[in-house]
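Q: I would like to learn how to read the features of a structure, one at a time. Can we work through one together?

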Protein chains: 2
Amino acid sequence: MKKKVLLKDIANQLNMSITTVSFVINGKAKENNISDASIKRVLDLVAELDYQPNSLAQSLRTGKTKIIGFLVDDISEPFFSGIARLIDEKASEKGYKILFSSSRNSTQKAIELLQIFRDRHVDGYIMALPEGLEEEIKKLVQTDAPVVLFDRYVPDLKTDYVIIDNQGSTEKATQHLIDNGYKNIAFVTIDTEQQQMIDRLSGYELAIKNNKLNPLILKIPYQNSLDSIKKVSEFLSTEKECDAVIFAANYICMDGLRAFRQMGINIFDDLAVVSFDDFELLEFCNPPVTAIAQPLEAIAENIMKIMLSKLNGTNKNTSSRQIVLPAILNIRGSSRGK
Amino acid sequence: MKKKVLLKDIANQLNMSITTVSFVINGKAKENNISDASIKRVLDLVAELDYQPNSLAQSLRTGKTKIIGFLVDDISEPFFSGIARLIDEKASEKGYKILFSSSRNSTQKAIELLQIFRDRHVDGYIMALPEGLEEEIKKLVQTDAPVVLFDRYVPDLKTDYVIIDNQGSTEKATQHLIDNGYKNIAFVTIDTEQQQMIDRLSGYELAIKNNKLNPLILKIPYQNSLDSIKKVSEFLSTEKECDAVIFAANYICMDGLRAFRQMGINIFDDLAVVSFDDFELLEFCNPPVTAIAQPLEAIAENIMKIMLSKLNGTNKNTSSRQIVLPAILNIRGSSRGK
DNA sequence: CTGAAAGCGCTTACAG
DNA sequence: CTGAAAGCGCTTACAG
C-alpha cells in the first residue's frame, strides 16, 4: 500500500516550509506574497504526487467539515428522495457533501440522528422537521447553526424555510373537484401537528365552506400502512354518499389506492381521486390520477441558495427568509367530472 | 451558546489526568486497573455534563471514522433504496453511519465519489460497482480496505460479494412463460458489461435453447429513459409475433411499461410481461405483473455480516466470501398463460 | 517573502 | 493505580 503523501513530504522535497506549501494549496499564496516560482513548484509536485489533504485534520483544525446534514421522515418517499437528489447535486458543485438520514417516524431516532450530525460536526442542517423535534431545533437555531427547514415549518420559530402554498393549492384542487360536479368530497389526512398537513386541511375546509358543502374528513394515525388501509376501507364503507377523495400526501394516497384494490373500488367509476404529491404510479393507474405536484427543482434550488449564503456568512445579520412556492395541479382522468 | 465540554474539563473538575478519564470513557478502565471509585466519579460527571467526545479528533487519532461508504448507480431505484435502508438500520445498531451516494451512471462521478470516500476516511466500502470502476476497485482492494460488493461482481477480481442467482432465476422465469404456452419471448436488457445483466441474459438464452425456441433480444443503451422507450416501441412494432417480454431490471421494466402506455398495448391481452426486480407499481398494473423478486433482507443481512467481520478484523486472513442468494418468482396475472 | 511553533481534541505507549 | 507527553495532519497568527 502506497504511503499517504503528507504536507510535510511536499515541504521536505521542495525544501520549503509547511506553511508555504499550505498557503499555496489553500490559494492564499498571493495574500502572503509567495513567489510565482514557488507557487508553481508546489502545484507541480502536488499534482505529481496526487496529494490529498487529510480532511479530518483540516476539519479538526478549522472546525468546518463541508458536510451538510439532511434529515427527513423517510428518504425512500419519492418527494424526499427527489429533493435529496437535487440538493446533493447542487451541494457537490460547491464542494459540500450531504449526509442523508431518515428518522422513520420515530422522535427518538430523529433526536439520535441530530446528535450524530452534531457529533460529525456538520456545517449545516436541512430538514423536513420530524414531529417532536421542535424543542431540539430551537436549541440548535439558538447556537447559530445554519438551519434550513423545508416541507413544513414551526409556527413560533423564526428560521429560514422553504415550503409550498399548501393551503392555496389544496383549496384549488378541492375547487376543481367541485367545479366538476362532485358534492361529497372526502379529505384523508394524518392525525398530526405538522404544519403543512394542517394547512392542506384548512385549504380543503375553505373550499368546502365557500361552496356550502359538508366536510368529510378522515384522520388516520401516521405510522402503520396496514392500519391506514383498514381505516380508509372502513371509512368508505360507512360514507356511502362520498363521490370523491383527496389524499393529503403521497404515502396516504398509496395506502388509499391499496385500500381501493382490496375493496374492488374502481377509480373514477366509483370515486374521483386527487393526490397531494405527484408520483409516477399515479400516471399508471387506470384512469391516471390527478395530483398536486410540488416543484422539486425550485424547492431544492431555494434551500441550497439559503444554505450556501448562510455557510458563507454572507448574511450573518439578515433576518431569516421564508420562501413559499406555488404548486401545480396536474389534472388527469381520475377527476374528469361526472 | 454553551461551551463544548472537553475531556480536559472533566479531568480538571475531578483532579484526575486526561488519561484516566479517557480510559474510563473508552471502557478500558478495568485493563488499566482504575479504581471503581474513580470510574464512578468519571461516569457520573460525564453524564451530568453530557460530554460528547469530538469524533473528528478521535478519528484523526485512531484512523477510524465509523463511517461506511455506500455507492450505487441510483439510490432512488427501489432495489437500491431498499438495500440502503436495511443496511443503514443494521449499521446504526453497531455504531456505524452510512454515507450514501449515487453515481448516476457517470464513471467520472463514481470515481469522484470514491475519492470523497477515501477523503473522508470511510472505514469500509459497500458498492454495486458502477461500470468503469474495475481498475479503481482493484487498487482499493489491494490496499486491504474492507470492500463488499453486491448486485454485481467483477469476474477476475477476488473480493467479497453478495449477489443473487441471476442466471438461474431468469432461466426459471423464462421457463415459466414457456410452460404457460408462450413461444416468442423477448428479452429486453441494457447494452452493458455488468456481470449481473450478462448472467440474466444467459439464463434466458439457456431456457430458450433448452426448449428449441428462437431468442429475441433487445439491448438498449443504459442511460436515457426517453430513448429506451423509443427503442422498445420500435422493437415491438417490428417483432409482431412476439407474445411475451421479460425486462431485465426494474428501470428497464418501467421504460417498457411507459412504452406500452404510449403504444396502447394492454398487458396480458396483447403481451405477457415479466419483470426482473419486483416493485409496488407492478401490483397496481392491470393485470398485476409477474416479477422476479430479490431477497432484500437476506442481501442486506449478508453484506453487513461480511462487512462487520472485516471491520472487526476477525477474519483478516480468511479468503474472500462469495454469497449467492436465491430469488423468488412472484407469479401474477401478466403471465397466466394463453 | 518564508519558517518555527502552537493548537484543534483526542488516544495510548511509556514511565513510575 | 495514575500522569506527562507524543502525535494524528493540518492551519494560521506571529515573528523575522
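Q: How many residue pairs are in polar contact between chain B and chain A?
A: The model is a predicted one, and side-chain atom pairs count only at pLDDT 80 or more. A polar contact is a pair of N or O atoms within 3.5 Å. Between chain B and chain A there are 12 residue pairs in polar contact, both residues being at pLDDT 80 or more.

Q: Which elements give two or more residues to the side of chain B that touches chain A?
A: They are H4, helix H5 (78-93), strand S2 (97-102), helix H6 (107-119), helix H11 (250-263) and helix H12 (280-284) of chain B. Sorted by class, that side of chain B has 14 nonpolar, 13 polar and 12 charged residues.

Q: How many salt bridges are there between chain B and chain A?
A: The count is four. In one salt bridge A:Glu283 pairs with B:Arg261, and the closest N and O atoms are 3.6 Å apart. Over all chains, the count comes to 40 salt bridges.

Q: What is the area buried between chain B and chain A?
A: The size of an interface is often given as the accessible area lost when the parts come together. Here the area buried between chain B and chain A is about 3,700 Å², and carbon and sulfur atoms give 57% of this area. B:Leu56, B:Arg120 and B:Phe284 supply 19% of the area that chain B buries against chain A, more than any other three residues. Counted as contacts, 39 residues of chain B meet 39 residues of chain A.

Q: Where are A:Lys231 and A:Asp227 placed in helix H10 of chain A?
A: A:Lys231 and A:Asp227 are separated by about one helical turn, because they are four residues apart in helix H10 (residues 225-238) of chain A. These two residues form a salt bridge, with the closest N and O atoms 3.2 Å apart.

Q: Which helices each supply at least two residues of the surface near DNA strand D?
A: Helix H2 (18-25) and helix H4 (55-62) of chain A do, together with helix H2 (18-25) and helix H4 (55-62) of chain B. By class, the surface has 10 nonpolar, 14 polar and three charged residues.

Q: Which residues are the closest to DNA strand C?
A: Among the 27 residues that surround DNA strand C, the closest are A:Ser17, A:Thr19, A:Arg61, B:Lys28 and B:Arg61. Sugar and phosphate account for 61% of the atoms of DNA strand C that come within 4 Å of the protein. In the side chain of A:Arg61, an N or O atom is 3.0 Å from a base nitrogen of DNA strand C.

Q: What does UniProt list for residues 5-62 of chain A?
A: The unreviewed UniProt entry lists "domain: HTH lacI-type" for residues 5-62 of chain A. Over this range the chain is 66% helix and 0% strand, and the end C-alpha atoms are 20 Å apart.

Q: Which peptide bond of chain A is cis, and where does A:Pro287 lie?
A: A cis peptide bond joins A:Asn286 and A:Pro287, with omega about -5°. A:Pro287 is placed in the loop between helix H12 (280-284) and strand S10 (290-293) of chain A. In chain B, the peptide bond from B:Asn286 to B:Pro287 is cis, with omega near -5°.

Methods. Residues numbered from 1 in each chain as written. Chains lettered and ligands numbered in written order. Predicted model: local features only at pLDDT ≥ 70, side-chain atom pairs only at ≥ 80, totals over all residues. Heavy atoms only, no water. UniProt positions renumbered as here; feature names shortened; annotations may be inferred. Nonpolar A, V, L, I, M, F, W, Y, C, P; charged D, E, K, R; others polar. Near = heavy atom within 4 Å. Polar contact = N/O pair within 3.5 Å; in protein donor to acceptor, adjacent residues only side chain to side chain. Contact = heavy atoms within 4.5 Å. Buried area = accessible area lost by both parts, 1.4 Å probe. Salt bridge = Lys/Arg side-chain N within 4 Å of Asp/Glu carboxyl O.
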